[in-house]
Amino acid sequence: MAQPLVMIAGGGIGGLATALTLNQIGVPCLVFEAVRELRPLGVGINIQPNAVRELYDLGIGQDDLDKVGVPAKEWALVGLNGNDIYSETRGMLAGYNWPQYAVHRGQFHVMLYDTFVARAGKDAVRLGSRVTGYENNADGTVTAIVEGADGTTSRETGTLLIGADGIHSSIRAQMHPDQPPIHWGGAIMWRGTTMAKPIRSGSSFVGLGTHQHRMVIYPISHPDPDTGLAMINWIAELTVDNSEGWKNSGWFKPVEIDDFISHFEGWTYDWLDVPALLRGADVAYENPMIDRDPVPTWRDGNVVLMGDAAHAMYPTGSNGASQAIIDARVLGTCLLEHGVSPDALAAFDEALCGPVSELILRNRGAGPFGLLNMVDERCGGEFDSIDDVIPAEERAEFMAKYKAAAGFAIEKLNNAPRTIPEGATVETEPAIQA
(Lines give C-alpha, C1' and ligand atoms only; values in the text may rest on other atoms or scores of the structure.)
Protein backbone atom coordinates (compact mmCIF):
# COMPACT_ATOMS: atom_id res chain seq x y z
CA MET A 1 0.00 0.00 0.00
CA ALA A 2 1.31 3.46 -0.90
CA GLN A 3 0.33 4.90 2.49
CA PRO A 4 -1.33 3.68 5.66
CA LEU A 5 -5.12 3.73 5.83
CA VAL A 6 -7.09 3.46 9.04
CA MET A 7 -10.68 2.27 8.56
CA ILE A 8 -13.29 3.28 11.14
CA ALA A 9 -16.44 1.21 11.56
CA GLY A 10 -19.07 3.66 12.78
CA GLY A 11 -19.57 7.38 12.33
CA GLY A 12 -20.97 8.21 15.76
CA ILE A 13 -19.37 10.54 18.29
CA GLY A 14 -16.48 8.17 19.00
CA GLY A 15 -15.84 7.31 15.37
CA LEU A 16 -15.86 10.95 14.26
CA ALA A 17 -13.67 12.06 17.17
CA THR A 18 -11.22 9.38 16.04
CA ALA A 19 -11.44 10.52 12.43
CA LEU A 20 -10.81 14.15 13.42
CA THR A 21 -7.81 13.08 15.52
CA LEU A 22 -6.34 11.01 12.70
CA ASN A 23 -6.83 13.90 10.29
CA GLN A 24 -5.07 16.20 12.77
CA ILE A 25 -1.99 13.95 13.06
CA GLY A 26 -1.77 13.24 9.33
CA VAL A 27 -3.12 9.69 9.16
CA PRO A 28 -5.48 8.95 6.22
CA CYS A 29 -8.74 7.39 7.34
CA LEU A 30 -12.06 6.21 5.95
CA VAL A 31 -15.28 6.14 8.00
CA PHE A 32 -18.05 3.62 7.29
CA GLU A 33 -21.42 4.64 8.74
CA ALA A 34 -24.56 2.53 8.46
CA VAL A 35 -27.16 5.30 8.11
CA ARG A 36 -27.75 6.82 4.69
CA GLU A 37 -28.20 10.34 6.04
CA LEU A 38 -27.00 11.87 9.29
CA ARG A 39 -29.75 13.75 11.09
CA PRO A 40 -29.66 15.52 14.47
CA LEU A 41 -31.45 12.76 16.39
CA GLY A 42 -31.54 12.18 20.13
CA VAL A 43 -31.75 14.26 23.27
CA GLY A 44 -29.18 15.62 25.73
CA ILE A 45 -25.73 14.47 26.80
CA ASN A 46 -22.94 16.02 28.86
CA ILE A 47 -19.38 16.60 27.68
CA GLN A 48 -17.07 16.70 30.69
CA PRO A 49 -14.14 19.17 30.97
CA ASN A 50 -11.55 16.49 30.13
CA ALA A 51 -13.30 15.90 26.79
CA VAL A 52 -14.03 19.60 26.12
CA ARG A 53 -10.30 20.16 26.47
CA GLU A 54 -9.71 17.65 23.68
CA LEU A 55 -12.36 19.26 21.48
CA TYR A 56 -10.64 22.62 21.91
CA ASP A 57 -7.34 21.01 20.89
CA LEU A 58 -9.13 19.68 17.79
CA GLY A 59 -10.11 23.23 16.87
CA ILE A 60 -13.72 22.87 18.05
CA GLY A 61 -14.13 25.81 20.41
CA GLN A 62 -16.62 27.63 22.59
CA ASP A 63 -18.41 29.29 19.67
CA ASP A 64 -18.98 25.90 18.04
CA LEU A 65 -20.22 24.26 21.24
CA ASP A 66 -22.51 27.18 22.08
CA LYS A 67 -24.40 26.44 18.87
CA VAL A 68 -25.29 22.92 20.06
CA GLY A 69 -25.42 23.31 23.84
CA VAL A 70 -24.73 25.37 26.92
CA PRO A 71 -21.97 25.42 29.59
CA ALA A 72 -23.06 23.67 32.78
CA LYS A 73 -22.87 25.76 35.95
CA GLU A 74 -24.09 23.37 38.65
CA TRP A 75 -24.53 19.67 39.45
CA ALA A 76 -27.06 18.94 42.18
CA LEU A 77 -28.85 16.05 43.85
CA VAL A 78 -32.21 16.78 45.46
CA GLY A 79 -34.22 14.46 47.70
CA LEU A 80 -37.75 13.31 47.03
CA ASN A 81 -39.21 16.05 49.22
CA GLY A 82 -37.29 18.74 47.31
CA ASN A 83 -34.45 19.36 49.77
CA ASP A 84 -30.83 19.51 48.59
CA ILE A 85 -28.54 16.52 49.15
CA TYR A 86 -25.45 17.83 47.38
CA SER A 87 -24.56 20.57 44.96
CA GLU A 88 -21.37 21.86 43.40
CA THR A 89 -20.33 24.23 40.65
CA ARG A 90 -19.18 22.71 37.39
CA GLY A 91 -16.75 23.55 34.61
CA MET A 92 -14.79 26.79 34.83
CA LEU A 93 -16.85 27.95 37.82
CA ALA A 94 -15.44 24.95 39.70
CA GLY A 95 -11.86 25.83 38.77
CA TYR A 96 -11.37 23.75 35.63
CA ASN A 97 -9.52 25.37 32.75
CA TRP A 98 -12.31 24.18 30.45
CA PRO A 99 -16.11 24.22 30.71
CA GLN A 100 -18.46 21.28 30.93
CA TYR A 101 -21.08 21.36 28.18
CA ALA A 102 -24.61 20.01 28.09
CA VAL A 103 -25.40 19.52 24.41
CA HIS A 104 -28.08 18.22 22.10
CA ARG A 105 -26.58 14.90 21.12
CA GLY A 106 -27.79 14.94 17.53
CA GLN A 107 -26.72 18.52 16.85
CA PHE A 108 -23.30 17.83 18.39
CA HIS A 109 -22.96 14.68 16.27
CA VAL A 110 -23.80 16.50 13.04
CA MET A 111 -21.35 19.27 13.97
CA LEU A 112 -18.55 16.69 14.30
CA TYR A 113 -19.50 15.19 10.95
CA ASP A 114 -19.61 18.55 9.18
CA THR A 115 -16.24 19.51 10.69
CA PHE A 116 -14.58 16.29 9.58
CA VAL A 117 -16.00 16.43 6.06
CA ALA A 118 -14.87 20.06 5.72
CA ARG A 119 -11.34 19.03 6.64
CA ALA A 120 -11.00 15.62 4.97
CA GLY A 121 -13.55 15.76 2.13
CA LYS A 122 -16.85 13.95 1.62
CA ASP A 123 -15.10 10.88 0.23
CA ALA A 124 -13.63 10.24 3.69
CA VAL A 125 -17.08 9.10 4.93
CA ARG A 126 -19.20 6.40 3.31
CA LEU A 127 -22.79 6.62 4.47
CA GLY A 128 -25.09 3.64 4.04
CA SER A 129 -22.16 1.31 4.74
CA ARG A 130 -22.14 -1.05 7.74
CA VAL A 131 -19.05 -3.04 8.70
CA THR A 132 -20.27 -6.54 9.56
CA GLY A 133 -16.93 -8.29 10.12
CA TYR A 134 -13.21 -8.32 9.51
CA GLU A 135 -10.24 -10.47 8.54
CA ASN A 136 -6.68 -10.06 9.80
CA ASN A 137 -4.53 -10.87 6.77
CA ALA A 138 -1.20 -12.70 6.59
CA ASP A 139 0.47 -9.72 4.91
CA GLY A 140 -0.17 -7.49 7.96
CA THR A 141 -3.26 -5.72 6.60
CA VAL A 142 -6.88 -6.03 7.69
CA THR A 143 -9.99 -6.37 5.56
CA ALA A 144 -13.36 -4.92 6.56
CA ILE A 145 -16.48 -6.67 5.28
CA VAL A 146 -18.94 -3.92 4.41
CA GLU A 147 -22.67 -4.26 3.78
CA GLY A 148 -24.22 -1.52 1.67
CA ALA A 149 -27.66 -0.01 2.15
CA ASP A 150 -28.82 -2.01 -0.90
CA GLY A 151 -27.72 -5.29 0.70
CA THR A 152 -24.61 -5.78 -1.41
CA THR A 153 -21.32 -6.75 0.25
CA SER A 154 -17.88 -5.37 -0.47
CA ARG A 155 -14.42 -5.81 1.03
CA GLU A 156 -12.11 -2.93 1.92
CA THR A 157 -8.50 -3.45 2.96
CA GLY A 158 -6.40 -1.11 5.08
CA THR A 159 -3.71 -0.96 7.73
CA LEU A 160 -5.90 -0.85 10.87
CA LEU A 161 -9.62 -1.16 11.66
CA ILE A 162 -11.21 0.78 14.53
CA GLY A 163 -14.47 -0.69 15.81
CA ALA A 164 -16.53 2.34 16.79
CA ASP A 165 -19.86 0.71 15.97
CA GLY A 166 -21.64 1.08 19.29
CA ILE A 167 -23.19 -1.19 21.89
CA HIS A 168 -24.48 -3.59 19.21
CA SER A 169 -21.00 -3.76 17.61
CA SER A 170 -20.47 -6.43 14.97
CA ILE A 171 -16.71 -6.00 15.42
CA ARG A 172 -16.96 -6.80 19.13
CA ALA A 173 -19.29 -9.75 18.47
CA GLN A 174 -16.67 -11.30 16.18
CA MET A 175 -13.80 -10.49 18.54
CA HIS A 176 -15.67 -11.90 21.56
CA PRO A 177 -18.22 -14.42 20.22
CA ASP A 178 -18.94 -15.76 23.71
CA GLN A 179 -19.64 -12.37 25.30
CA PRO A 180 -22.72 -12.25 27.55
CA PRO A 181 -25.84 -10.53 26.21
CA ILE A 182 -26.48 -6.84 26.85
CA HIS A 183 -26.88 -6.24 30.59
CA TRP A 184 -30.03 -4.54 31.89
CA GLY A 185 -30.13 -3.75 35.58
CA GLY A 186 -33.86 -3.01 35.78
CA ALA A 187 -33.96 0.75 35.22
CA ILE A 188 -36.28 2.11 32.53
CA MET A 189 -35.56 5.60 31.21
CA TRP A 190 -38.08 7.85 29.49
CA ARG A 191 -36.19 10.68 27.81
CA GLY A 192 -37.34 13.85 26.15
CA THR A 193 -37.05 17.60 25.73
CA THR A 194 -39.37 20.46 26.66
CA MET A 195 -39.16 24.20 26.01
CA ALA A 196 -39.30 25.67 29.52
CA LYS A 197 -37.57 28.15 31.81
CA PRO A 198 -34.32 26.84 33.33
CA ILE A 199 -34.25 26.24 37.09
CA ARG A 200 -31.76 27.05 39.86
CA SER A 201 -28.56 28.53 38.37
CA GLY A 202 -30.10 28.67 34.89
CA SER A 203 -27.74 25.90 33.76
CA SER A 204 -28.03 23.23 36.44
CA PHE A 205 -27.89 19.45 36.13
CA VAL A 206 -30.40 18.26 38.73
CA GLY A 207 -30.94 14.68 39.89
CA LEU A 208 -34.22 14.56 41.81
CA GLY A 209 -35.77 11.72 43.81
CA THR A 210 -34.31 8.39 44.88
CA HIS A 211 -31.94 5.93 43.24
CA GLN A 212 -34.89 3.71 42.27
CA HIS A 213 -37.23 6.49 41.17
CA ARG A 214 -35.83 9.80 39.90
CA MET A 215 -35.73 12.63 37.38
CA VAL A 216 -32.67 14.15 35.74
CA ILE A 217 -33.17 17.66 34.34
CA TYR A 218 -30.82 20.10 32.61
CA PRO A 219 -30.91 22.68 29.78
CA ILE A 220 -29.19 21.99 26.45
CA SER A 221 -29.67 25.39 24.83
CA HIS A 222 -29.25 29.02 25.76
CA PRO A 223 -32.54 30.74 26.76
CA ASP A 224 -34.43 32.57 24.06
CA PRO A 225 -33.83 36.27 24.73
CA ASP A 226 -37.51 37.10 24.15
CA THR A 227 -39.28 34.25 25.97
CA GLY A 228 -36.64 33.10 28.45
CA LEU A 229 -37.37 29.52 27.39
CA ALA A 230 -34.60 26.99 26.79
CA MET A 231 -34.62 23.41 25.55
CA ILE A 232 -34.74 21.37 28.75
CA ASN A 233 -33.51 17.79 28.57
CA TRP A 234 -35.16 15.42 31.04
CA ILE A 235 -34.86 11.76 31.98
CA ALA A 236 -37.62 10.11 33.99
CA GLU A 237 -36.35 6.88 35.50
CA LEU A 238 -37.90 3.96 37.36
CA THR A 239 -36.28 0.71 38.50
CA VAL A 240 -38.41 -2.42 38.16
CA ASP A 241 -37.99 -6.18 38.50
CA ASN A 242 -35.63 -7.34 35.75
CA SER A 243 -35.67 -11.06 36.51
CA GLU A 244 -37.33 -11.88 33.18
CA GLY A 245 -35.18 -9.50 31.11
CA TRP A 246 -36.26 -6.70 28.79
CA LYS A 247 -39.60 -7.70 27.25
CA ASN A 248 -40.52 -4.56 25.31
CA SER A 249 -39.86 -4.33 21.59
CA GLY A 250 -36.61 -2.62 20.71
CA TRP A 251 -34.07 -0.75 22.78
CA PHE A 252 -35.14 2.81 21.91
CA LYS A 253 -38.63 3.80 20.81
CA PRO A 254 -40.94 6.84 20.77
CA VAL A 255 -43.60 6.82 23.50
CA GLU A 256 -46.54 8.89 24.69
CA ILE A 257 -46.25 10.87 27.93
CA ASP A 258 -49.38 9.15 29.23
CA ASP A 259 -47.49 5.83 29.08
CA PHE A 260 -45.37 6.76 32.12
CA ILE A 261 -46.40 10.09 33.67
CA SER A 262 -48.39 8.35 36.43
CA HIS A 263 -45.09 7.51 38.14
CA PHE A 264 -44.33 11.23 38.54
CA GLU A 265 -47.75 12.88 39.01
CA GLY A 266 -47.13 14.06 42.57
CA TRP A 267 -43.72 15.61 41.91
CA THR A 268 -44.55 19.29 42.31
CA TYR A 269 -42.39 21.77 44.23
CA ASP A 270 -42.33 25.53 44.56
CA TRP A 271 -39.34 25.61 42.15
CA LEU A 272 -40.35 22.82 39.73
CA ASP A 273 -43.52 21.21 38.35
CA VAL A 274 -42.41 17.83 36.97
CA PRO A 275 -45.79 16.76 35.50
CA ALA A 276 -46.06 20.08 33.63
CA LEU A 277 -42.51 19.66 32.32
CA LEU A 278 -43.32 16.19 31.03
CA ARG A 279 -46.64 17.20 29.47
CA GLY A 280 -44.93 20.05 27.63
CA ALA A 281 -42.53 17.70 25.84
CA ASP A 282 -42.05 17.92 22.10
CA VAL A 283 -40.56 14.42 21.97
CA ALA A 284 -40.22 11.41 24.30
CA TYR A 285 -38.46 8.07 24.02
CA GLU A 286 -38.28 4.92 26.12
CA ASN A 287 -35.16 2.86 26.56
CA PRO A 288 -33.75 0.57 29.24
CA MET A 289 -30.56 1.57 31.05
CA ILE A 290 -28.11 -0.93 29.58
CA ASP A 291 -24.41 -1.66 29.38
CA ARG A 292 -22.12 -4.58 28.58
CA ASP A 293 -19.91 -6.63 30.85
CA PRO A 294 -16.22 -5.70 30.45
CA VAL A 295 -14.08 -7.89 28.17
CA PRO A 296 -10.40 -8.73 28.83
CA THR A 297 -9.11 -7.03 25.69
CA TRP A 298 -10.32 -4.59 23.04
CA ARG A 299 -7.78 -5.71 20.46
CA ASP A 300 -7.44 -8.50 17.92
CA GLY A 301 -4.40 -8.09 15.67
CA ASN A 302 -4.94 -5.02 13.50
CA VAL A 303 -8.41 -4.37 14.96
CA VAL A 304 -9.35 -2.47 18.11
CA LEU A 305 -12.59 -1.41 19.79
CA MET A 306 -13.35 2.06 21.16
CA GLY A 307 -16.33 4.03 22.45
CA ASP A 308 -19.49 2.10 23.24
CA ALA A 309 -18.23 -0.88 21.24
CA ALA A 310 -15.48 -1.23 23.85
CA HIS A 311 -17.14 0.04 27.02
CA ALA A 312 -20.87 0.76 26.81
CA MET A 313 -21.73 2.04 30.29
CA TYR A 314 -24.65 3.34 32.30
CA PRO A 315 -25.18 7.09 31.77
CA THR A 316 -25.17 7.73 35.53
CA GLY A 317 -21.78 9.43 35.36
CA SER A 318 -22.56 11.47 32.25
CA ASN A 319 -19.28 10.36 30.72
CA GLY A 320 -20.06 7.89 27.92
CA ALA A 321 -19.53 10.41 25.10
CA SER A 322 -16.65 12.03 26.99
CA GLN A 323 -14.85 8.69 27.31
CA ALA A 324 -15.30 8.04 23.58
CA ILE A 325 -13.59 11.38 22.85
CA ILE A 326 -10.79 10.52 25.30
CA ASP A 327 -10.42 7.14 23.58
CA ALA A 328 -9.87 8.86 20.26
CA ARG A 329 -7.19 11.14 21.65
CA VAL A 330 -5.33 8.38 23.52
CA LEU A 331 -5.39 6.31 20.34
CA GLY A 332 -3.83 9.29 18.59
CA THR A 333 -0.94 9.40 21.09
CA CYS A 334 -0.35 5.68 20.62
CA LEU A 335 -0.16 6.13 16.84
CA LEU A 336 2.29 9.00 17.29
CA GLU A 337 4.49 6.84 19.48
CA HIS A 338 4.25 3.50 17.66
CA GLY A 339 3.24 4.47 14.13
CA VAL A 340 0.22 3.14 12.27
CA SER A 341 0.73 -0.39 13.52
CA PRO A 342 -0.68 -3.15 15.71
CA ASP A 343 1.77 -2.01 18.39
CA ALA A 344 -0.18 1.24 18.65
CA LEU A 345 -3.41 -0.70 19.19
CA ALA A 346 -1.73 -2.85 21.83
CA ALA A 347 -0.55 0.27 23.66
CA PHE A 348 -4.06 1.76 23.50
CA ASP A 349 -5.57 -1.46 24.87
CA GLU A 350 -3.00 -1.56 27.66
CA ALA A 351 -3.65 2.07 28.61
CA LEU A 352 -7.45 2.06 28.76
CA CYS A 353 -9.08 -1.37 28.79
CA GLY A 354 -8.46 -2.09 32.48
CA PRO A 355 -9.22 1.33 33.98
CA VAL A 356 -12.32 1.97 31.84
CA SER A 357 -13.64 -1.52 32.61
CA GLU A 358 -13.52 -0.53 36.28
CA LEU A 359 -15.49 2.62 35.43
CA ILE A 360 -18.20 0.50 33.76
CA LEU A 361 -18.70 -1.41 36.99
CA ARG A 362 -18.52 1.77 39.09
CA ASN A 363 -21.29 3.33 36.99
CA ARG A 364 -23.31 0.13 37.33
CA GLY A 365 -23.11 0.74 41.06
CA ALA A 366 -24.86 4.12 40.54
CA GLY A 367 -21.80 6.28 39.84
CA PRO A 368 -22.16 9.75 41.39
CA PHE A 369 -25.83 8.99 42.01
CA GLY A 370 -24.64 6.59 44.71
CA LEU A 371 -25.32 9.41 47.16
CA LEU A 372 -29.02 8.79 46.53
CA ASN A 373 -28.50 5.16 47.59
CA MET A 374 -26.93 6.33 50.83
CA VAL A 375 -29.83 8.68 51.51
CA ASP A 376 -32.36 5.93 50.77
CA GLU A 377 -30.61 3.54 53.14
CA ARG A 378 -30.35 6.03 55.98
CA CYS A 379 -33.67 7.87 55.91
CA GLY A 380 -35.86 6.51 53.10
CA GLY A 381 -35.20 9.52 50.87
CA GLU A 382 -36.94 12.27 52.88
CA PHE A 383 -35.20 14.58 55.35
CA ASP A 384 -35.14 18.11 56.72
CA SER A 385 -31.36 18.63 56.84
CA ILE A 386 -29.01 16.50 54.77
CA ASP A 387 -26.22 17.12 57.30
CA ASP A 388 -28.18 14.99 59.77
CA VAL A 389 -28.16 12.13 57.24
CA ILE A 390 -24.76 12.37 55.51
CA PRO A 391 -22.19 14.86 56.84
CA ALA A 392 -20.77 17.33 54.32
CA GLU A 393 -17.28 15.81 54.56
CA GLU A 394 -18.62 12.37 53.65
CA ARG A 395 -20.53 13.73 50.66
CA ALA A 396 -17.48 15.61 49.38
CA GLU A 397 -15.23 12.56 49.79
CA PHE A 398 -17.67 10.39 47.83
CA MET A 399 -17.75 12.81 44.90
CA ALA A 400 -13.96 13.29 44.89
CA LYS A 401 -13.43 9.54 44.54
CA TYR A 402 -15.79 9.38 41.58
CA LYS A 403 -14.14 12.30 39.79
CA ALA A 404 -10.71 10.75 40.22
CA ALA A 405 -11.92 7.42 38.83
CA ALA A 406 -13.65 9.11 35.88
CA GLY A 407 -10.56 11.12 34.93
CA PHE A 408 -11.66 14.65 35.71
CA ALA A 409 -10.11 15.48 39.06
CA ILE A 410 -9.52 19.25 38.79
CA GLU A 411 -5.84 19.69 39.65
CA LYS A 412 -4.71 16.59 37.76
CA LEU A 413 -6.58 17.63 34.61
CA ASN A 414 -5.54 21.29 34.77
CA ASN A 415 -1.86 20.39 35.18
CA ALA A 416 -1.73 17.65 32.55
CA PRO A 417 0.09 18.39 29.26
CA ARG A 418 -1.81 18.26 25.98
CA THR A 419 -2.78 14.72 25.01
CA ILE A 420 -1.75 15.40 21.41
CA PRO A 421 1.24 17.81 21.20
CA GLU A 422 0.42 20.83 19.07
CA GLY A 423 1.43 20.27 15.46
CA ALA A 424 2.40 16.64 16.00
CA THR A 425 2.01 14.28 13.04
CA VAL A 426 2.85 10.63 12.61
CA GLU A 427 5.22 11.46 9.75
CA THR A 428 7.48 13.58 11.96
CA GLU A 429 7.38 11.08 14.84
CA PRO A 430 7.61 13.72 17.60
CA ALA A 431 8.57 12.82 21.12
CA ILE A 432 5.51 12.34 23.31
CA GLN A 433 5.39 14.62 26.33
CA ALA A 434 5.65 12.89 29.65
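Q: Which residues does Ala281 touch, not counting residues up to four places away in sequence?
A: This is a predicted model, in which local features need pLDDT of at least 70, side-chain atom pairs count only at pLDDT 80 or more, and totals for chains, interfaces and linings use all residues. Residues are numbered from 1 along each chain as its sequence is written, and side-chain values use heavy atoms, with hydrogens and water left out. Contact means heavy atoms within 4.5 Å. Leaving aside residues up to four places away in sequence, Ala281 touches Thr193, Thr194, Trp234 and Ile257.

Q: Is Ala281 buried, partly exposed or exposed?
A: Ala281 lies in strand β18 (residues 281-291); helices (H or I, at least four residues) and strands (E, at least two) are DSSP runs, numbered from the N terminus. Buried means under 20% relative accessible area and exposed over 50%, with partly exposed in between (1.4 Å probe, protein chains only). The relative accessible area of Ala281 is 22%, so this residue is partly exposed.

Q: What distance separates the C-alpha atoms of Ala281 and Glu156?
A: Along the chain, these two residues are 125 residues apart.

Q: Which side chain of opposite charge is nearest to Arg191?
A: Arg191 is found in strand β13 (residues 183-196). Lys and Arg count as positive and Asp and Glu as negative, while His and the chain ends are not counted. A salt bridge is a side-chain nitrogen of Lys or Arg within 4 Å of a carboxyl oxygen of Asp or Glu. Arg191 is buried yet has no salt bridge, and 8.5 Å away lies the nearest side chain of opposite charge, Glu237.

Q: Which residue has its backbone oxygen 3.5 Å from a polar atom of the side chain of Arg191?
A: Among the residues that Arg191 touches are Val43, Gly44, Trp234 and Tyr285. The backbone oxygen that lies 3.5 Å from a polar atom of the Arg191 side chain belongs to Gly44.

Q: How many salt bridges are there by this rule, and what is the distance between the closest N and O atoms of Arg90 and Glu88?
A: The rule gives a count of 14 salt bridges. One of them joins Arg90 and Glu88, and both residues are buried. Their closest N and O atoms are apart by 2.9 Å.

Q: How far apart in sequence are the parts that Glu156 and Arg126 tie together?
A: Glu156 forms a salt bridge with Arg126, the closest N and O atoms being 2.7 Å apart. Glu156 belongs to strand β11 (residues 153-158) and Arg126 to strand β8, so the pair ties together parts whose separation in sequence is 30 residues.

Q: Which strand holds Lys253?
A: Lys253 forms a salt bridge with Glu286, with 3.9 Å between the closest N and O atoms. The pair links distant parts of the chain, 33 residues apart, with Glu286 in strand β18 and Lys253 in strand β17.

Q: Why is strand β2 described as largely enclosed by the rest of the structure?
A: Cys29, Val31 and Glu33 lie on one side of β2, with Leu30 and Phe32 on the other. In a regular strand the side chains alternate between the two faces of the sheet. Strand β2 (residues 29-33) is largely enclosed because five of its five residues are buried.

Q: Which residue is the bridge partner of Ile8 in β2?
A: Strand β1 (residues 6-9) and β2 run parallel and are joined by four bridges. In β2, the partner of Ile8 is Val31.

Q: How many of the nine residues of helix α2 are buried?
A: Among the buried residues of α2 are Pro49, Val52, Leu55 and Asp57. Helix α2 (residues 49-57) is largely enclosed by the rest of the structure because its buried residues number eight of the nine.

Q: What is the positive phi of Arg200?
A: Arg200 sits in the loop between β13 and β14 (204-210). Although Arg200 is not a glycine, its phi is positive, at about 55°.

Conventions:
Polar contact = N/O pair within 3.5 Å; in protein donor to acceptor, adjacent residues only side chain to side chain. Pairing = 2+ DSSP bridges.
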